[in-house]
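Here is a short report on a protein and the DNA beside it. Look over the structure first, then read on.

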Number of protein chains: 2
Amino acid sequence: MNGSSSNLSDSPVSARLAMRGLRLTPQRQHVYEVLVGVRDHPTAEEVFLRAKQGMPEISMATVYNCLDALVRCGLAKQVNVDRSASRFCPNMSDHDHFYCERCGGIYDIENGAGAVGRGIELPRGFEVTHVDVSLRGVCGSCNDAEKV
Amino acid sequence: MNGSSSNLSDSPVSARLAMRGLRLTPQRQHVYEVLVGVRDHPTAEEVFLRAKQGMPEISMATVYNCLDALVRCGLAKQVNVDRSASRFCPNMSDHDHFYCERCGGIYDIENGAGAVGRGIELPRGFEVTHVDVSLRGVCGSCNDAEKV
DNA sequence: CCTTACATTTAGAATTATTCCAAATGTTGA
DNA sequence: TCAACATTTGGAATAATTCTAAATGTAAGG
């Protein structure tokens with residue numbers, strides 16, 4: 001892979017970070033690679049454990065910092081299930097998430113929000129019991145308030 | 001029994017709870033009324049503060065217990081936004097939620113999951129920047145494992 | 001180069017939301 | 001009434017995340 005890229009600042013990851021005024025550091029690079037390496041929606045804790053394998057000195061605070069940076073600059077998504085730890089996902093395509101209430105697994109559902117409720121095909125054997133849709137943005141009052 | 005539901009066990013709330021083997025206690029009744037009283041998606045903490053006004057002895061643990069009971073028996077929904085405190089909603093119709101990133105407000109969007117992405121009308125002035133869809137249920141592997 | 005300014009990392013403390021616990025109380029049914 | 005069980009309570013414990021302050025790294029200007 002791009003382990004051969006000698007100069008961090010040449011990578012596209014660097015460019016994304018730069019758009020938000022963030023630098024590509026070895027830690028951020030490494031956390032990103034960990035995330036892309038195993039796409040199983042790990043928690044910050046799990047990312048931390050994996051990251052330590054290749055970078056033993058990395059700290060938990062840095063992992064949170066890195067994940068946050070990646071999410072903010074659009075290189076990763078943060079998936080929240082119930083009240084449990086956030087999970088992270090480097091798949092930036094427009095997709096949904098399926099949470100298995102039995103094994104706790106999270107699966108990407110490559111359909112995009114629009115497909116829900118229109119008989120989208122889930123992988124074989126998947127059964128949906130609940131659908132939660134949350135929209136984010138700015139509400140009417142806040143938009144009005146802004147126009148002062 | 002008289003017209004005004006003086007007897008707890010006569011209420012439909014009681015019936016819902018009973019379906020899950022739960023009793024309707026004065027605390028659960030009160031928490032439910034608090035929830036229905038102001039439909040602004042309060043956190044457990046906010047429910048606690050409101051509940052104390054009419055029932056000063058109620059404890060936080062009980063509020064969590066009651067909210068949990070209501071959610072489990074289908075009398076309330078739990079809304080999770082980011083990593084912040086869960087919020088609770090007694091509107092059981094099939095609806096989405098809109099989270100305003102500026103004021104933190106949560107709004108019910110009465111459309112149902114199917115409408116997302118099909119140009120549903122939001123209230124005037126609302127602007128959506130993200131849509132998160134999460135499906136819950138049982139995945140294929142777990143369904144297979146079950147058939148042993 | 002050297003300095004200054006600022007970004008990032010680090011370890012650990014602090015915070016927040018939630019869950020757990022054990023004792024007291026309430027309820028139901030034999 | 002008694003035994004069995006459910007619920008409530010206050011406080012302790014836990015889990016996830018954020019904060020803090022010091023050390024380190026980096027870029028730019030002189």
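## The surface near DNA strand C

By class, 6 nonpolar, 6 polar and 5 charged residues make up the surface near DNA strand C. Ala, Val, Leu, Ile, Met, Phe, Trp, Tyr, Cys and Pro count as nonpolar, Asp, Glu, Lys and Arg as charged, and the others, Gly among them, as polar. A residue is near the strand if one of its heavy atoms lies within 4 Å of it. Thr25(A), Thr62(A), Arg83(A), Tyr64(B) and Ser86(B) come nearest of the 17 residues.

This is a predicted model: local features need pLDDT of at least 70, side-chain atom pairs count only at pLDDT 80 or more, and totals for chains, interfaces and linings use all residues. Residues are numbered from 1 along each chain as its sequence is written, chains are lettered from A and ligands numbered from 1 in the order in which they are written, and side-chain values use heavy atoms, without hydrogens and water.

A polar side-chain atom of Thr62(A) sits 2.6 Å from a phosphate oxygen of DNA strand C.

## Two crossing helices

The axes of α3(A) (residues 44–54) and α4(A) (residues 60–72) come within 9 Å and cross at roughly 115°. That makes α3(A) roughly perpendicular to α4(A) (65 to 115 degrees).

Methods. Axes are lines fitted to C-alpha atoms, for helices over the stretch in contact, and angles run from 0 to 180 degrees between N-to-C directions. Helices (H or I, at least four residues) and strands (E, at least two) are DSSP runs, numbered from the N terminus. Angles under 35 degrees count as roughly parallel, over 145 as roughly antiparallel, 65 to 115 as roughly perpendicular and the rest as oblique. A polar contact is a pair of N or O atoms within 3.5 Å; within protein, one must be able to donate a hydrogen and the other to accept it, and residues adjacent in sequence count only if both atoms are side-chain atoms.
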